[in-house]
Amino acid sequence: MAKIKPQALLLQSKKKKGPSRVSIPTIMLYGVIVAVMVFFLFATYRHWSRRSMIQTHGDLSTSEGENSLIEHTESDAPKYAFISTSKGSITVELYKDGSPDIVDEFVDFCQKGHFKGMQFNRVIKHFVIHGSKVDKLDATEDWTSRGKHYSRLDTSLKHEAFMLGTSKTKHESGGFDLFITTAPIPDLNDKINVFGRVIKGEDIVQEIEEVDTDDHYRPKTPVQINEVTLKYNI
């Protein structure tokens, strides 16, 4: 049997103990696997995090919605109306308890946009300002004579000022007019269904009251309602 030289044994030993080389394709394969695993873990974490946030937000929204529903259920109609006019804004508190049918009708007309562009076509100083889309002279003749008469009466006999109402006589067109008193008026309910009270913007009412009018109490310079916004709270 031939003997192996020591130098050959040394070289053979180094070949056996030395680490084997990893090919470049194998390294690339391992890199791709690691990248896929990291991406999968990140996507899973992001998914569950977003789901948790959405669930929490949904719980809050549901709670808020239930509170809002309860609040609105307790009061079927909005409590306030913001009347934007060409002179400024008037805030009105609506008397839902005292005049539920009239308030419901008013709210319905607001939602239909009935009051947009409505003119104050009668302005009677120390009496009322009247907004309507029906301009009939005979409709206000009785009002004007009553206004002149009431201005000479003792204040202790009069009704409150800054009350919001609508005519008891239905218009042929099915409209809805608005009266805002500018002075205390006795037996107001004989002609008007009162369904609210001005709580802010009395100065705007008085400014409208002071506009110049013709012989039929029509403003020489148009004054109109831009829009009416309904709210549950202020």
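What follows is a chat about the aromatic rings and nonpolar cores of a predicted model.

Biologist: Before we start, what kind of model is this, and how are residues numbered?

Modeller: This is a predicted model, in which local features need pLDDT of at least 70 and side-chain atom pairs count only at pLDDT 80 or more, while totals for chains, interfaces and linings use all residues. Residues are numbered from 1 along each chain as its sequence is written, and side-chain values use heavy atoms, with hydrogens and water left out.

Biologist: How many aromatic pairs does the structure hold?

Modeller: The structure holds six, where rings of Phe, Tyr and Trp (its six-membered ring) pair if their centres lie within 6.5 Å, and planes under 30 degrees apart count as stacked, over 60 as edge-to-face and the rest as tilted. One of them joins Phe-106 and Phe-115, and because the planes stand at 45°, with the ring centres 5.3 Å apart, this pair is tilted.

Biologist: Is Phe-106 buried or exposed?

Modeller: Phe-106 counts as buried, at 0% relative accessibility, and Phe-115 is buried too, with a relative accessible area of 1%; buried means under 20% relative accessible area, exposed over 50% and partly exposed in between, with a 1.4 Å probe and protein chains only.

Biologist: And which parts does the pair of Phe-109 and Phe-176 tie together?

Modeller: Phe-109 lies in helix 3 (residues 100–111) and Phe-176 in the loop between strand 5 (163–167) and strand 6 (178–181), so the pair ties together parts that are 67 residues apart in sequence. Helices (H or I, at least four residues) and strands (E, at least two) are DSSP runs, numbered from the N terminus. The two rings have their centres 5.5 Å apart and their planes at 45°, so this pair is tilted.

Biologist: Which residues do ring pairs link into a cluster?

Modeller: The cluster is made of Phe-106, Phe-109, Phe-115, Phe-176 and Phe-195.

Biologist: Changing topic, which residues touch the most other members of the largest nonpolar core?

Modeller: Those are Ile-90, Phe-106, Phe-115 and Phe-195, in a core of 32 residues, where a nonpolar core is a set of buried Ala, Val, Leu, Ile, Met, Phe, Trp, Tyr and Cys residues joined through side-chain atoms within 4.5 Å.

Biologist: Which element gives the most to this core?

Modeller: Helix 3 does, with six residues.

Biologist: What does a second, separate core include?

Modeller: That core has ten residues, among them Val-128, Met-163, Val-194 and Tyr-217.
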